[in-house]
Amino acid sequence: DTYGGKEDASAVICVYDWRSGKIWWKLGAGAHTVLSVHHNPANPNQFVQCGDRSIRIWNYATAREDPEAAYNNAAFTKFTNKPTPANSVVFTEDGLGIIVA
């Protein structure tokens with residue numbers, strides 16, 4: 001799977017088959033900029049996205065079946081005291097923590 005976003009007011013996260021180029025599904029990222037997306041190594045149904053001083057934890061199944069519900073149900077944290085966007089995000093190896101830079 002490959003993830004992508006575009007830097008404008010309609011930022012999206014796309015999941016597609018990199019071999020065929022076929023988009024499997026896409027969803028509104030809830031940010032103006034998507035800077036990083038990472039799969040949870042311990043939970044195959046979860047990924048995290050960051051940008052615009054915020055992070056969201058998404059559920060693959062919900063995102064695939066109902067993107068609007070996925071957006072509404074994604075865990076969301078806003079970094080109000082961080083002066084710059086969250087440029088990168090990864091899960092820890094055990095999948096229980098998130099490292100944001």
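1. Ground rules. This is a predicted model, in which local features need pLDDT of at least 70, side-chain atom pairs count only at pLDDT 80 or more, and totals for chains, interfaces and linings use all residues. Residues are numbered from 1 along each chain as its sequence is written, and side-chain values use heavy atoms, with hydrogens and water left out.

2. The aromatic pairs. The structure holds two aromatic pairs. Rings of Phe, Tyr and Trp (its six-membered ring) pair if their centres lie within 6.5 Å; planes under 30 degrees apart count as stacked, over 60 as edge-to-face and the rest as tilted. Phe47 and Trp58 are stacked, at 6.1 Å centre to centre with 10° between the planes. Phe47 lies in strand β5 and Trp58 in strand β6, so this pair ties together parts that are eleven residues apart in sequence. Phe47 and Tyr60 are tilted, at 4.8 Å centre to centre and 40° between the planes. Here the link runs from strand β5 to helix α1, with Phe47 and Tyr60 13 residues apart.

3. Buried means under 20% relative accessible area, exposed over 50%, and partly exposed in between (1.4 Å probe, protein chains only). Phe47 is buried at 0%, Trp58 is buried at 1%, and Tyr60 is buried at 5%. If contact means heavy atoms within 4.5 Å, Phe47 touches residues including Ile13, Trp25, Val37, Arg56 and Phe91, leaving aside residues up to four places away in sequence.

4. The cores. A nonpolar core is a set of buried Ala, Val, Leu, Ile, Met, Phe, Trp, Tyr and Cys residues joined through side-chain atoms within 4.5 Å. The largest one has 14 residues, and among those with the most contacts inside it are Ile13, Trp25, Leu27, Phe47 and Trp58. At least two residues of this core come from each of β2, β3 and α1 (60-65). A second, separate core has six residues, including Val48, Cys50, Ala86 and Val89.

5. The strands around β5. Helices (H or I, at least four residues) and strands (E, at least two) are DSSP runs, numbered from the N terminus, and two strands pair if DSSP finds at least two bridges between them. Five of the six residues of β5 (residues 46-51) are buried. Strand β4 (residues 36-39) pairs with β5 in the antiparallel sense over four bridges, with Ser36 opposite Cys50. On β6 (residues 54-59), six bridges join an antiparallel partner, β5. The hairpin of β5 and β6 has two residues between the strands, and Asp52 in the turn has a positive phi of about 50°.

6. The other hairpin to check. β2 (residues 12-16) and β3 (residues 23-28) pair antiparallel over five bridges. Six residues separate β2 and β3 in their hairpin, where Gly21 in the turn has a positive phi of about 80°.

7. Asp17 and Arg19 form it, at 3.4 Å, N to O. Asp17 is buried at 15%, whereas Arg19 is exposed at 63%. The structure holds zero disulfides (pairs of cysteine sulfur atoms within 2.5 Å). Cys14 is buried at 14%, and Cys50 is buried at 0%.

How values were computed: Salt bridge = Lys/Arg side-chain N within 4 Å of Asp/Glu carboxyl O.
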